[in-house]
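Hi,

Here is the structure I promised to pass on. Have a look at it first, and then read my notes below.

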Amino acid sequence: MTAIPLTSKHKNDNYYFHYDLINEKLGTARLENLINISSNRIREPYYINNKIATITKKDKDAILKIIKKYYAFEEIKETNRIIRKQNTIYNKSKENRDKVLT
């Protein structure tokens with residue numbers, strides 16, 4: 001099972017891998033810290049106002065979109081040419097690299 005750590009407060013820091021959940025009591029999903037855990041480690045659900053805390057469909061869709069961007073590199077297809085050019089530059093010797101970069 002994969003778990004997404006949550007903060008206790010909204011971050012409002014504009015990092016694309018931090019998602020502020022609609023319910024402010026749930027805080028921010030920190031997607032850079034995904035962890036795999038055994039479901040046996042979960043002792044009890046998280047409660048807010050005596051109800052099990054849940055996220056909205058909008059939150060779920062936004063989190064999945066960020067996970068695809070952060071872990072599956074879906075947007076790299078658009079920048080492949082730039083990445084190939086950078087790799088070529090850094091595979092050259094230091095002298096040649098300096099010539100290319102200047």
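Let me start with the aromatic residues: Tyr 15, Tyr 16, Phe 17, Tyr 70 and Tyr 71 are linked into a cluster by ring pairs. Before going further, keep in mind that this is a predicted model. Searching the whole structure turns up 5 aromatic pairs. One of them is Tyr 16 with Phe 17: the ring centres are 5.3 Å apart and the planes sit at 75 degrees, so this pair is edge-to-face. Phe 17 also pairs with Tyr 70, with centres 5.4 Å apart and planes at 50 degrees, so that pair counts as tilted. What I like about this second pair is where its partners come from. Phe 17 belongs to the loop between β1 and β2 while Tyr 70 is in helix α1, so the pair ties together parts that are 53 residues apart in sequence.

How exposed are these rings? Phe 17 counts as buried, because its relative accessibility is 18% and the cut-off for buried is under 20%. Tyr 16 is partly exposed at 38%, and Tyr 70 is partly exposed too, at 24%.

α1 runs over residues 57-71, which makes 15 residues, and it reaches 21 Å from its first C-alpha to its last, close to the 21 Å expected at 1.5 Å a residue. Which residues of α1 are buried? They are Asp 59, Ile 63 and Ile 66. These cover an arc of only 65 degrees around the axis, which puts them on the same side of α1. As background, an α-helix has 3.6 residues a turn, so residues three or four places apart point the same way. Strands β2 and β3 (28-30) are among what covers the buried residues of α1. On the face turned away from that buried side you will find the exposed residues Lys 57, Lys 58 and Lys 65. Just after α1, look at the backbone of Phe 73, which takes a positive phi of about 55 degrees.

Two loop residues are also worth a click. Thr 7 is in the loop between β1 (2-3) and β2 (18-20), and it counts as buried at 16% relative accessibility. A polar atom of the Thr 7 side chain lies 2.5 Å from the backbone oxygen of Lys 9. Neighbours within four places in sequence aside, Thr 7 is in contact with Leu 26, Gly 27, Thr 28 and Arg 30.

The other one is Tyr 46, in the loop between β4 (35-36) and β5 (47-48). Is Tyr 46 buried or exposed? At 51% relative accessibility it counts as exposed, since the cut-off for exposed is over 50%. Even so, there are contacts to see: again leaving out neighbours within four places in sequence, Tyr 46 touches Lys 25, Leu 26, Lys 51, Ile 52 and Ala 53. From Tyr 46 to Leu 26 it is 20 residues in sequence and 9.6 Å in space, C-alpha to C-alpha.

Cheers

Methods
Residues are numbered from 1 along each chain as its sequence is written. This is a predicted model: local features need pLDDT of at least 70, side-chain atom pairs count only at pLDDT 80 or more; totals for chains, interfaces and linings use all residues. Side-chain values use heavy atoms; hydrogens and water are left out. Helices (H or I, at least four residues) and strands (E, at least two) are DSSP runs, numbered from the N terminus. Buried means under 20% relative accessible area, exposed over 50%, partly exposed in between (1.4 Å probe, protein chains only). A polar contact is a pair of N or O atoms within 3.5 Å; within protein, one must be able to donate a hydrogen and the other to accept it, and residues adjacent in sequence count only if both atoms are side-chain atoms. Contact means heavy atoms within 4.5 Å. The expected span of a helix is 1.5 Å times one less than its number of residues. The arc is that of the directions from the helix axis to the C-beta atoms. Rings of Phe, Tyr and Trp (its six-membered ring) pair if their centres lie within 6.5 Å; planes under 30 degrees apart count as stacked, over 60 as edge-to-face and the rest as tilted.
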